[in-house]
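Welcome to this short tour.

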Amino acid sequence: MDHPDFLIIGGGSAGAVLASRLSQDPGTRVLLVEAGRDTPPGAVPADIVDTFPSSSLNASYFWPELQAQRSSDTPPRPYVQARVMGGGSSVMGLWALRGMPSDYDAWAAAGAAGWSWNDVMPVFRRLENDADRDQSQTSPGCYPIRRLPREEWPGLVLAVEGEASRRGWRSIDDVNETPGEGLFSMPLSQDAQGRASSARCYLTSEARRRTNLSILTETTVTGLRFDGRRACGVTVTRNGERRDIAAREVIVCAGAIHSPALLLRAGIGPPEELAPFGITPRVDRPGVGRNLQNHPYLHFGLTLPPRSRLSRELRRFAIAGLRLSSGLEGCPAGDLLLFMIGRVSGRDYGCDLAMFGAALYSPYSRGRVTLTNPQAGTPPRVEFRMFEDLRDRPRMLKAARFAESLLLSESVAAAYNDAFLLPPVMSLQQFNRTGIAGKLMGLAIKAVLNAPPAFTRRILARRIRPGRWIANRHRRAPASDAELIAAAAPMAHPSGTCAIGPQRDDMAVVDPHCRVYGVENLRVVDASVMPRVPSANTNLPTIMVAERAAEFIRSERA
C-alpha cells in the first residue's frame, strides 16, 4: 500500500488493535508493519494457541541479543521482548488484570487528561468478553477472558486459600470489577479455543479481508522519515531490501523498549545523548527513554505430592492471586501481589512442581532506555534500576515475607514436600528445554520429582543455584533479606518510556492523544505512554490504551 493514511509500526498488543479499529472506516487506508512472523487465522502456531504459555520458550518469537540490567550493581542479562504478530499477547502468561483505580487516577494527575479510572473503565468493559461475569447489563467485547473454576484448583492452591481466609483476607469473584485486597481466581486471556492474543481477536479473517488494510510481516522499520518536523513515512528492510514508504501519519507501537529507540534514532530525545552518535537533534524531549518502569518479582518452587497437583489434562499456568497492601506511608493500596502457578512445563512433569510468586506491583524506581549505536538493529541499552528508590526494597521484602509466611504455615506446608527459593531468571526456562535435549531433560525431571522427597531435595538443591532449599513441614531455613532481593528479577512489563503528560513536563513525550510533542503526524501508542506502570500485567492495559487511542484518532478525523 502506497501512502496510507496510517502506517502502524508493530503488530503487538497495541498495533493489532489500532490496525483493526482504524481500518473499520472504509475511507481510511491502514498499513501495519510487523518485524516478526504472521499468525493468521487458521495458521496460528500450536505453541501460541496453547493455554500454557509454551510460546514463551520459542526463541524465534523474540528480538535476538536484547539484554537488560536489573540494577546498577548487576550485569546485563538476556531479556525477552516479543517479535511476532500479537507481540506480548502471543507469548505472555495470559494474565488479564486491569489494575487498580488509583493507577489510572495517577495518570490523570500526571497530566494524562482523559485517562482516569472513570475514563478507562468503560473501555475495558467494551473490549472484554468475560465468560464468568454477569453480562446482562453489557455487550461482550472481542477479547475473551476466563478463570479456572475453584473446583479444579489443585490442593496446594486450596491450602493457600484456606490459610489466607483464616488470616482475614476476603475472596474476590472478579478482581477486575471489584479491585482491592483479597484472594481471587486469576482472569486469563483465553477461551475454549485457546489463547486470546490481539492478533487473533482483532486481526480476524473479516478484518484481513478489508481492502483498506494491508499487512507487511517480517519487515523491520529501520527509521522514521520527516519533511521538516512533519513525519512523512518510514524506511523498512524486507528480505534484505531497503524501501521507503510514505504515509500521512505514523503510529509507533513497538513497545517500551523499541519505541523510544526509534524516536532517539530519529533525533527526538535529549540532544546531549544524541550528539555523540552523530544524530542531529530534531526535538529536545529529555523524557524519551526515561521513566522506564517494571514489576520486580521472585518465585518459590514447590515439589508436590500427587494430592496437591493440578490435573494433568489442564494446561494452565496462573491459578490464583492474592492482592495485598504494603501499608508503607505514601504508597498506594494493593501495591503487592502474590500468585500461584500450577504448572511449570507443558510436558508430563509440569504439574509435579508448582511456583508461588511475590511481586511489587507499584514500583517507584525508574530506569532508562538509551542507544548503544546509531545503527538500526542494534539492541538499545536497558537499565531497570530496580530498588534504587528507597521505597521499593522494603515493599518487595514485605511481599516475599507474606508469601514465605504462608508457605511456612502448618496447613500450607502440609500440601508440599519441599520449598526452594528460585534464582532470578525467567522461571519457565529453568524447567524447560526444546528439542531432543528437552525431551531427555523432561524424562529426567519426571523421575527426580517423583523419587523419594529426600532424593528430590538433594538433586534440586544442586540444580537451582544460586537459589536454595528453604523449607518443608519438618524443618526450615528461611531466606535472608539479601537472598530475597537477589532473587528478584524484572517481569516482561516495561513501560513509561514515552509517557503521556503536559508539554511543560520534560519527562512527557506525548500528549493525551498520544501525539509526540514537537513534531506533526507522529504518535506513540503502546505501554511506553503509560505515565505509571499499572498494578497489573500490562497486556490488558495496553490493549485498553490502543482502544482509547483509536477513539481519539477517530474523533479527530470526524
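**Stop one: a serine between two helices.** Select S409 together with E163 and R167: S409 touches both of them, leaving aside residues up to four places away in sequence, where touching, or contact, means heavy atoms within 4.5 Å. S409 sits in the loop between α10 (392–408) and α11 (410–413). Helices (H or I, at least four residues) and strands (E, at least two) are DSSP runs, numbered from the N terminus. Is S409 buried or exposed? Its relative accessibility is 9%, so S409 counts as buried; the cut-offs are under 20% relative accessible area for buried, over 50% for exposed and partly exposed in between, with a 1.4 Å probe and protein chains only.

**A word on the model.** This is a predicted model, in which local features need pLDDT of at least 70 and side-chain atom pairs count only at pLDDT 80 or more, while totals for chains, interfaces and linings use all residues. Residues are numbered from 1 along each chain as its sequence is written, and side-chain values use heavy atoms, with hydrogens and water left out.

**Stop two: one side of a helix.** Next, select helix α14 (residues 453–463) and colour T456, R457 and L460, which are buried. They cover an arc of only 100 degrees around the axis, which places them on the same side of α14; the arc is that of the directions from the helix axis to the C-beta atoms. An α-helix has 3.6 residues a turn, so residues three or four places apart point the same way. Now show what covers these buried residues: the cover includes β18 (296–303), β24 (418–421), α13 (435–449) and β25 (468–471).

Move to F6, in strand β1 (residues 6–9). F6 has a relative accessible area of 1% and is therefore buried. Among the residues that F6 touches, not counting those up to four places away in sequence, are L22, V30, R248, I251, I553 and R557. Then draw a distance from F6 to L522: 516 residues separate them in sequence, yet their C-alpha atoms are 9.8 Å apart in space.

**Last stop: the whole protein.** Zoom out and colour by secondary structure to see 16 helices and 27 strands. The C-alpha atoms fill a box of roughly 70 × 50 × 45 Å, taken along the principal axes. Of the 558 residues, 61% count as buried. Among contacts with a separation of 6 or more, 72% are between residues 24 or more positions apart.
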